[in-house]
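Welcome! Please take a moment with the sequence and the 3D view below, and then we will walk through a few of the features together.

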Amino acid sequence: METEQQVARHYGRSGIEQAILEALRASGKDVDRLAPGDLSGADEFHLGWQAATAELARDLGLGPDLHVLEVGCGIGGPARHFAAAHGCRVTGIDLTAEFVEAAEALTRRCGLAGLVSFRQGSALAMPFPDAEFDAATLIHVGMNIADKAALFAEVRRVLKPGARFGVYDVMRIGDGELPYPMPWAATPETSFVERPETYRRLLEQSGFTVETEHSRRELALRLGREMRERAAVEGAPPLGLHILMGPATRERMGNVFAALERGLIAPIEMVARGG
């Protein structure tokens, strides 16, 4: 519980919705007529951003007949994309109350409240009945959870038999000390980065069969280079991850890209199916 409290404090930040709306106005957007894509500069809080979200949705085969659970939903970017692009119903859960509050408000502004809802709570004890969902996602969340076996077992509990589970986490692929702070943790104390083989083993022990696995390292590096080059010419955009990470954004993003370039970590997508 203490680790969860530390993680929530790491991400928690007041005034997220207002900061995003101010950035959108500065970009010339009409905040009363928002589309999900208008928010992608700040609400896709993972490597590969919306491109990685779109690939995960395609690999999961999302469609309008599915009820999808997003574990660790943040401020709702992927959930809104799933609903807008694929017509599915989405329920998000996140540990951080400020994220859930912002997710609800931004979803209403995008006109998606009828398809997307959010709950505040722990991924290790979710307030949902057994076999409730047709699919689930976990996007850059496992790095904050030490007991991944308990996490995967809880996801398996709330999924219907045969449902797919899409994991997209930063995983360890090389040896060497990781630099901190990182986007997901200021110190190693709340950082639990594991190797792909550990994920595969624990998923299988929880009743899943891993069907596909893809590294998105090259995608993340390419998009990161393009963003830096664009910022060097045009300046930093008003809407960005600095709204969520604050003054430490440059150092945290610099550290994660340094680790990516050194081959210490990579964002890995796994799609598994429950038995």
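A polar contact is a pair of N or O atoms within 3.5 Å; within protein, one must be able to donate a hydrogen and the other to accept it, and residues adjacent in sequence count only if both atoms are side-chain atoms. This is a predicted model, where local features need pLDDT of at least 70, side-chain atom pairs count only at pLDDT 80 or more, and totals for chains, interfaces and linings use all residues. Residues are numbered from 1 along each chain as its sequence is written, and side-chain values use heavy atoms, with hydrogens and water left out.

**One histidine**

Let us start with His-46. The side chain of His-46 reaches the backbone oxygen of Trp-49 at 3.0 Å. His-46 sits in the loop between α3 (40–43) and α4 (49–60); helices (H or I, at least four residues) and strands (E, at least two) are DSSP runs, numbered from the N terminus. Because its relative accessibility is 5%, His-46 counts as buried, a word that means under 20% relative accessible area, with exposed over 50% and partly exposed in between (1.4 Å probe, protein chains only). Leaving aside residues up to four places away in sequence, His-46 touches Ala-52, Thr-53, Pro-78, Ile-139, His-140 and Tyr-168, where contact means heavy atoms within 4.5 Å.

**Two pockets**

On a 1 Å grid over the protein atoms alone, a pocket is an open set of points where a 1.4 Å probe fits, with protein on both sides within 12 Å along at least five of seven lines; lining residues have an atom within 4 Å of a point. Grid points are joined across faces, edges and corners, and a volume is the space filled by probe spheres set on the points. Ala, Val, Leu, Ile, Met, Phe, Trp, Tyr, Cys and Pro count as nonpolar, Asp, Glu, Lys and Arg as charged, and the others, Gly among them, as polar.

| Pocket | Volume | Lining by class |
|---|---|---|
| Largest pocket | about 1000 Å³ | twelve nonpolar, eleven polar, seven charged residues |
| Second largest pocket | about 660 Å³ | 26 nonpolar, ten polar, five charged residues |

For the second largest pocket, α1 (2–11), β2 (89–94) and α11 are the elements that give two or more residues to the lining, and α1 gives the most, with four residues. His-140, one of the contacts of His-46, is among the residues nearest the centre of the second largest pocket.

Which element gives the most to the lining of the largest pocket? That is α9, with eight residues.
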